[in-house]
Amino acid sequence: MGKGARILMVSIHDNRLYSNIGIEQLTGYLRLEGWPVDIFYHHGAIDEEKIWGLMPRGYDLYGFSIHLRNHKCCAGLASRIKSTEPGSLAVFGGEFITRFYKEAIAMGYGADYFILGDGELPFGNLLSHLFLGTGLEMGRHIASSGDFEGKRPCCNGTIGYFPAYDYYEGDTLENNREKEHCLQSKTNICRGVCSFCTSRKGPCIFKEQAQLVEEVRHVASTYGVRRFFFTDDNLFDPGDAGAKNRVADLCRGLLGLGLDLDFKCYCKATTFTGEALDHDLLALMKKTGFKDIFVGIESGSDTDLVLYKKQATVLDNRRSIELIRSHGIHPIIGFICFNPYSTPETLKENYHFLKAMDPDNLFDQMTTILRVFKYTGLHQKMSK
């Protein structure tokens, strides 16, 4: 069949605002390698019956991007595909499946293969193996119901290419103006040690600044998108002066585009400590168009912060929020009020912290609950 094989990537999400950075990076890579790949988006209410009626058919391979909110729907769709299109293949990937592929296999999810970690290299190798008859060199990153032991996630250092832009090409200028384009400045790695974290760990590889600036320029100029979201867990990794200078260079490159754009990113509560470099950088970010910075505060109780293995204290949390606000940037507070070890005292501390910090919606912050995922440090603690 060769590279004439028909491949469909399936992106199902309950939020229309964002595209799917994982699917689009993977598709961009595969197209560069000469594979004909289409993308089907259903970003709205997750309804398996409705999605099945809309989803294109007749493909040789269907690749599903799996996450917490869509995994049951995708499992149902894969089963339907296998029963109605004999010979077609279903492949699951994404952060959720990387962590829980053994559980997915045990539950009978109807995928032929599970891609672990960054999908570009193993997925490309799998396609070559299936349709060109090559060897399966990346098999250690690919699981199946008959081969799932001794696997590990792929950490991809090949990131110097552009994503697919199908999410904007198939929509109107008016709709695109309502969307936020997601992009990452580095490999999808978290350097934190939080006890509730499910993200992969490892060394970071950073994209070239020129590539990031060009991606923003292209998406804004071609599709009319005005809002951009750097979805790195921390845009300022590893948190030193060199990292802050790297972000400052990025800001100068974005300013040089001469476009009126809005930006958003994540940072840690220990990123900004109040030194002169921090004030200069925040002022530059404000000028560039950074309207929001999402800060992983998580708690106003030092007891909770120790439990979560956060590298910040309540004092760090307060200082970070105040510094960001002092430069006219809105801090979005990531917060967990209730956890399995909460006490009346920690809840009081969280409440008083939030009240003093004056978040957008005190009620929403006060009702947040920690989800405990298998294989995390906190899950292990609770199991013991």
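In this predicted model, the axes of helix α1 (residues 21–32) and helix α5 (residues 120–132) come within 10 Å and cross at roughly 50°. Because angles under 35 degrees count as roughly parallel and 65 to 115 as roughly perpendicular, α1 and α5 are therefore oblique to each other.

**The α1 and α5 pair**

- The crossing of α1 and α5 has a right-handed sense.
- On the α1 side the contact is made by Q25, L26, Y29 and L30, which meet E120, L121, F123, G124 and L127 of α5.
- By residue class, this contact of α1 with α5 divides into six nonpolar residues, two polar residues and one charged residue.

**Strands β1 and β2**

- Strand β1 (residues 7–13) runs parallel to β2, and seven bridges join these two strands.
- Within this pairing, S11 stands opposite Y41, a residue of β2.
- Strand β2 (residues 37–43) has six of its seven residues buried, so β2 is largely enclosed by the rest of the structure.

**Helix α4 and its surroundings**

- In helix α4 (residues 95–106), the buried residues are F96, I97, T98, F100, Y101, E103, A104 and I105, a list that includes the residue E103 as well as F96 and I97.
- These buried residues of α4 pack against the helix α3 (71–84) and against the strands β4 (89–93), β5 (113–115) and β6 (142–143).
- After α4 comes G108, a residue whose phi is positive, with a value near 80°.

**Backbone details in the loops**

- The peptide bond that leads from D237 to P238 is cis, with omega near 0°, and P238 itself is placed in the loop between β8 and α9 (241–255).
- K309, although it is not a glycine, has a positive phi of about 60°; K309 lies in the loop between α11 (302–307) and α12 (314–326).
- Since exposed is taken as over 50% relative accessible area, K309 counts as exposed at 53% relative accessibility.
- D358 is likewise not a glycine and has a positive phi, in this case of about 55°, and D358 is found in the loop between α13 (344–357) and α14 (362–366).
- With 57% relative accessibility, D358 counts as exposed.

Note on methods
Residues numbered from 1 in each chain as written. Predicted model: local features only at pLDDT ≥ 70, side-chain atom pairs only at ≥ 80, totals over all residues. Heavy atoms only, no water. Helix = DSSP H or I, 4+ residues; strand = E, 2+ residues; numbered from the N terminus. Buried < 20%, exposed > 50% of the residue type's maximum accessible area, 1.4 Å probe, protein only. Axes fitted to C-alpha atoms, helices over the stretch in contact; angles between N-to-C directions. Parallel < 35°, antiparallel > 145°, perpendicular 65-115°, else oblique. Left-handed = near helix turned anticlockwise from the far one by under 90°. Contact = heavy atoms within 4.5 Å. Nonpolar A, V, L, I, M, F, W, Y, C, P; charged D, E, K, R; others polar. Pairing = 2+ DSSP bridges.
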